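I opened a protein model today and kept notes on what I looked up. I wanted to go from the whole chain down to single residues.

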Amino acid sequence: MSQQFTITPVSSEELQELPGDWTTDDYRKLLELTEYGDTSDLSNKEIQEMTFMSIADLEKPEAAKLLIDYVFPKDALTPGQIQNSSHEMDTERLWEEYPEPQHHRNFFRVGSLLYAAYNGGHPKPDGRQVVVNITAKNEEGAQLLQQPTPAFLLRLLAPAMNSHALLHRLYEDELKSGPFPAAANIIWSVESISIDDQSFTVTLLSTDYWLEAFDPIGEYEVSV
């Protein structure tokens, strides 16, 4: 039995770095890897600036490899994949184009720091944060909103995208029903905060590649 929901758009914001991707602790560790030296007297801002400088002092493929090694779990990529990706990152948007979509999220994280460190000189990261308020018609629907899955959220957002949107062109059948495993590689992060018993504010993170087409005129209703 399908459930009915009312979706009210709150905001849609382009981000060059996703929240929490790069912390002061990360910068300290990267400075250790680049053998910067003692950072104990540096402010958080100075640590960030020194990290950018240290990264930019490296040749681009060397910098990309350093960050790939830092971000990706051990053995997630083969040595050959790391080598190839390190040389491609200054021209290719690997967070969209890499043939194994499960790695897109980590490539975006690497790409965002490379772009910042080199003041451009790499493809511009185009992350997107979408915030919507979603109200369920009944308690059963509200339960789905407490911990919404990427597949469920894409089915709620898709009606506000035109038929030419990439999501519709590639996943027309999955948006209707059934398993949708690719959704987890499209929506990278979901946060759902209760407004009341049947309404939630949902924040999700992805990229323009998928979500730029989300452009509702206003509030709309969906049955899922």
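My entries below begin with the whole chain and end with two residues.

**Before starting.** I am working with a predicted model, in which local features need pLDDT of at least 70 and side-chain atom pairs count only at pLDDT 80 or more, while totals for chains, interfaces and linings use all residues. Residues are numbered from 1 along each chain as its sequence is written, and side-chain values use heavy atoms, with hydrogens and water left out.

**Whole chain.** I looked up the secondary structure and found 11 helices and five strands in the protein chain; these are DSSP runs, numbered from the N terminus, with helices (H or I) of at least four residues and strands (E) of at least two. Along the principal axes, the C-alpha atoms fill a box of roughly 60 × 35 × 30 Å. Of the 224 residues in the chain, 46% are buried, where buried means under 20% relative accessible area, exposed means over 50%, and partly exposed lies in between, using a 1.4 Å probe and protein chains only. I also checked the charged side chains and noted 15 positive and 37 negative ones, with the centres of the two sets 2 Å apart; Lys and Arg count as positive and Asp and Glu as negative, while His and the chain ends are not counted, and each charge is placed at NZ of Lys, CZ of Arg, CG of Asp or CD of Glu.

**Helix α3.** I then turned to α3, which covers residues 60-71 and reaches 16 Å from its first C-alpha to its last, close to the 16 Å expected at 1.5 Å a residue; the expected span is 1.5 Å times one less than the number of residues. Its buried residues are A63, A64, L66, L67, I68 and V71, and what covers them includes α1 (24-33), α2 (44-56), α4 (79-88) and α6 (104-117).

**T51.** Leaving out residues up to four places away in sequence, T51 touches Y27, L30 and L31, with contact meaning heavy atoms within 4.5 Å.

**G20.** My last entry concerns G20, in the loop between β1 (4-15) and α1, which counts as exposed because its relative accessibility is 61%. The C-alpha atoms of G20 and D41 are separated by 23 Å, and the two residues are 21 residues apart along the chain.
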